[in-house]
Amino acid sequence: MTPFEKKPLGYSDLNIPDVCLGTMTFGEQTSEQDAHRQLDFALAAGVNFIDTAEMYAVPPRAETCGASESIVGRWLARQKRDQIILATKVAGPARSLTWIRNGPLAMDRVAFA
């Protein structure tokens with residue numbers, strides 16, 4: 001499998017490699033075709049841990065919001081999904097990214113109820 005050392009993720013049963021491919025340039029500086037080539041290359045080298053986020057591509061703009069996740073999602077559609085570890089996250093409420101989730105929201109139980 002992967003030549004990278006794996007470590008447990010928190011208290012979960014998931015073991016993650018110590019190498020992760022970040023996708024923050026996908027959809028802005030990196031085209032979808034190039035992004036898919038990078039993902040293919042990384043996977044062939046044993047990197048199966050992919051990081052994305054709703055605020056990517058960087059720099060964050062309304063026009064590219066979620067582009068990274070969409071590009072990675074289209075790539076994932078042709079992969080063995082059980083062999084890929086996908087990390088994603090949300091943009092915090094302190095950010096001035098008003099186009100994400102219809103504006104800044106608190107990151108608490110009330111906001112997501």
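The following legends describe close-up views of a predicted model.

**View A. The largest nonpolar core comprises 12 residues.** Its members are Leu21, Phe26, Ala35, Leu39, Ala42, Val47, Ile50, Ile71, Val72, Trp75, Leu76 and Ile84. Two or more of these residues come from each of helix H1 (32-44) and helix H2 (67-76). The greatest contribution is that of H2, with 4 residues. A separate core of 6 residues includes Ala53, Met55, Tyr56 and Leu97.

**View B. Surroundings of Val47.** Beyond its neighbours within four places in sequence, Val47 contacts Phe4, Val19, Cys20, Leu21 and Ala42.

**View D. Asp40 and Arg78 form a salt bridge.** Their closest N and O atoms are 3.3 Å apart. Asp40 belongs to helix H1 and Arg78 to the loop between H2 and strand E5 (85-87), so that distant parts of the chain, 38 residues apart, are linked. Asp40 is partly exposed, with 30% relative accessibility; for Arg78, likewise partly exposed, the value is 48%.

**View E. Asp51 and Lys89 form a salt bridge.** The closest N and O atoms lie 2.4 Å apart. Asp51 is in strand E4 (residues 49-51) and Lys89 in the segment after E5, so the pair ties together parts 38 residues apart in sequence. Asp51 is buried, at 17% relative accessible area, whereas Lys89 is partly exposed, at 36%.

Definitions and conventions: Residues are numbered from 1 along each chain as its sequence is written. This is a predicted model: local features need pLDDT of at least 70, side-chain atom pairs count only at pLDDT 80 or more; totals for chains, interfaces and linings use all residues. Side-chain values use heavy atoms; hydrogens and water are left out. A nonpolar core is a set of buried Ala, Val, Leu, Ile, Met, Phe, Trp, Tyr and Cys residues joined through side-chain atoms within 4.5 Å. Buried means under 20% relative accessible area, exposed over 50%, partly exposed in between (1.4 Å probe, protein chains only). Contact means heavy atoms within 4.5 Å. A salt bridge is a side-chain nitrogen of Lys or Arg within 4 Å of a carboxyl oxygen of Asp or Glu.
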